[in-house]
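Trainee: I should like to understand the reasoning behind the terms applied to this structure. May I put some questions to you?

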Amino acid sequence: FFDRKTALLVSAILLLPPPVFTALTLSAIGSHPGSILFTSVMLFCFYQFTYGSKNKLLSLILFGFVAGLGFWFTPMTFVTVLACLVSWFLLDRRSFLSKQILVFLGSFIVGLLPFILYNVTHRFRFLWFLVGAFLWKTRSHDTWGEELISALGQKLLSPPLRMFNLVFKTLPFIFRFRPCFRIPSELLTLSYGLIAWLLIGLFIWREGRRLFPVLQDALRKGKVAAPQLENTKAVPFLIFLFLFVVLYSVTNFPTSPFNPQRFNEFRYLSHLYYFLFSLLALSLRSQKGPPLYLCFLFTLGLLGQSSLLFNEPPGRALHYRGYLYAPLGYTWGQDTSQYPFPKKLNEFLSLANRFGASERRSLYWGLSVVMADFRIKENPEVVWKSILRVPPDYRPYLLENWGLHLSYFRENDLGHNIQWGRLIPEAEQPYFYYGLATK
C-alpha cells in the first residue's frame with residue numbers, strides 16, 4: 001500500500017533493529033511479542049479495505065475476525081483495532097455509520113468466541129484482569145472495597161503524571177542496547193534514540209500540519225476526496241501512537257525507566273515497535289540527499305545485533321530459556337488453579353516432568369506466581385497438601401518464590417502471609433520466610 005522504497009526501509013530496519021526488539025521476538029515472554037503478528041495482519045486487512053480496490057467486503061470481514069481473535073490472544077491488540085476504527089471514521093464517516101460497521105462487529109464477535117467461552121467457563125477472569133490493569137495492582141480480595149475507593153481517587157490524579165513519565169522517561173529510551181566492543185549501552189541507546197525520535201518527530205509535525213485540514217474537510221463532507229485518499233495512509237500509524245500514549249497512561253503498567261539489562265521489561269511495549277519502525281521508515285523515505293541517517297541507524301543496528309552474540313559471557317543475551325518457561329508455568333498454573341486443585345495439579349506435575357531440571361525450575365517459578373493469588377479462606381490445607389506432591393528437590397525453590405510473590409501481591413496482608421507460613425512444616429519454613437522477606 002506504500003511505495004517499494006518504504007517497504008524496503010521497513011524490512012531493513014526490522015533486519016537490523018535495536019537488540020531489545022530482537023530479544024523480544026526471540027523469546028516467549030507472555031503473549032506480548034505475539035501481538036505483533038495480529039497487528040500486522042489486522043493492518044493489512046484494514047488497508048486492503050480502505051485503500052484497496054478489490055475484495056473490500058472480504059477484507060472487512062477478515063479484519064473483524066482477526067481483531068476478535070487477536071483480542072482473545074492478548075488484549076493489547078485492541079489499541080490497533082481502536083486506531084483503525086478511528087481512522088475509518090475520520091476517512092469515511094458515511095461507510096462507518098452504515099451497515100458495514102455491523103459486518104465488522106459480527107465478524108469481530110465470531111473471532112472473539114474462544115474468549116467469550118473461556119470467560120464464561122472461568123468465572124469471567126478477564127474482569128479481574130481489567131481491575132488489575134486499570135484500577136489497582138494489589139490482589140487482596142478481602143480488602144477490595146477499600147482498595148477500590150483508594151484506586152479511584154488515585155486515578156483522578158495519576159494519568160497526567162504517568163503520561164509525563166511515559167513520554168519523557170520511557171519512550172525516549174525504548175530503543176535499548178547492550179554494551180558492544182567496549183561501547184557503553186547508554187551511548188548506543190541515546191545515539192539511536194536521538195536520531196530515531198528526531199526523524200519521527202519531524203515526520204509527525206509535517207504530516208500533522210498537512211493532514212489536519214484534509215481530515216477537517218472529510219468530517220464536514222463525510223468522506224475524504226478520492227484524489228486525497230492516497231495521501232492519508234499514515235493516519236492509522238499516527239492515531240495509534242496517540243492512543244497508545246493515552247491508554248497506557250491510565251493503566252497500571254510501568255512507565256518509569258527500565259533496567260537496561262532486562263529487555264523483558266519492554267514486553268508491554270512490544271507491538272509499539274512495529275509502528276515506530278514504520279513511522280521511521282516513512283520519515284527516512286522523505287529525506288533528500290545522501291542517506292546519512294539510514295547508514296548511521298544501520299551501523300548501530302549491526303552493533304546491537306553483535307552485542308547479542310558477543311556479550312560476556314558469550315551468548316548471555318540470547319539465553320531466554322528462563323523467560324520462556326516461566327510464563328508457560330504461569331499459564332499452566334492458572335489452569336490448575338481451578339478447583340478441584342489437587343487433581344488439576346497432577347496435570348501440571350505430569351507436564352513439568354517432561355522437561356529438564358533448569359526448565360522445571362522456571363515452570364515452578366510461574367506456578368508460584370499463581371499460588372500467591374490464592375485466598376487464605378479457600379481451604380489452604382488443600383493447597384499445602386498439594387504442594388507436598390512437588391518433588392523435594394524443587395520444593396524449596398517453589399516455597400521461596402511463593403513467599404516472594406506473596407510479599408509483592410499482598411504486601412499489606414502480613415497476617416495472612418504468616419498464616420500461610422504456619423501451614424508449612426517447620427523444616428521447610430525458612431525457604432518460605434526467606435522469600436517473604438526478600439522484597
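Trainee: What makes the span of helix H1 (residues 4-15) agree with its number of residues?

Mentor: The expected span of a helix is 1.5 Å times one less than its number of residues. For the 12 residues of H1 that gives 16 Å, and the end C-alpha atoms are 16 Å apart, so the two agree. Helices here are DSSP runs of H or I with at least four residues, numbered from the N terminus. The model is predicted: local features need pLDDT of at least 70, side-chain atom pairs count only at pLDDT 80 or more, and totals for chains, interfaces and linings use all residues. Residues are numbered from 1 along each chain as its sequence is written, and side-chain values use heavy atoms, with hydrogens and water left out.

Trainee: How do you know on which side of H1 the buried residues lie?

Mentor: The buried residues of H1 are Thr6, Leu9, Val10 and Ile13. They cover an arc of only 100° around the axis, and therefore lie on the same side of H1. The arc is that of the directions from the helix axis to the C-beta atoms. The face turned away from this buried side carries the exposed residues Arg4, Leu8 and Leu15.

Trainee: Why is Phe104 called buried?

Mentor: Buried means under 20% relative accessible area, exposed over 50%, and partly exposed in between, with a 1.4 Å probe and protein chains only. Phe104 has a relative accessible area of 2%, so Phe104 is buried. This residue lies in helix H7 (residues 100-111). Not counting residues up to four places away in sequence, Phe104 touches Leu60, Phe63, Gly64, Ala67, Val81, Leu85 and Trp88, where contact means heavy atoms within 4.5 Å.

Trainee: Which residues make the contact between H12 and H14, and of what class are they?

Mentor: Phe203, Ile204, Glu207 and Leu211 of H12 meet Val235, Leu238 and Leu241 of H14. By class, six are nonpolar, none is polar and one is charged. Ala, Val, Leu, Ile, Met, Phe, Trp, Tyr, Cys and Pro count as nonpolar, Asp, Glu, Lys and Arg as charged, and the others, Gly among them, as polar.

Terms used
Helices (H or I, at least four residues) and strands (E, at least two) are DSSP runs, numbered from the N terminus.
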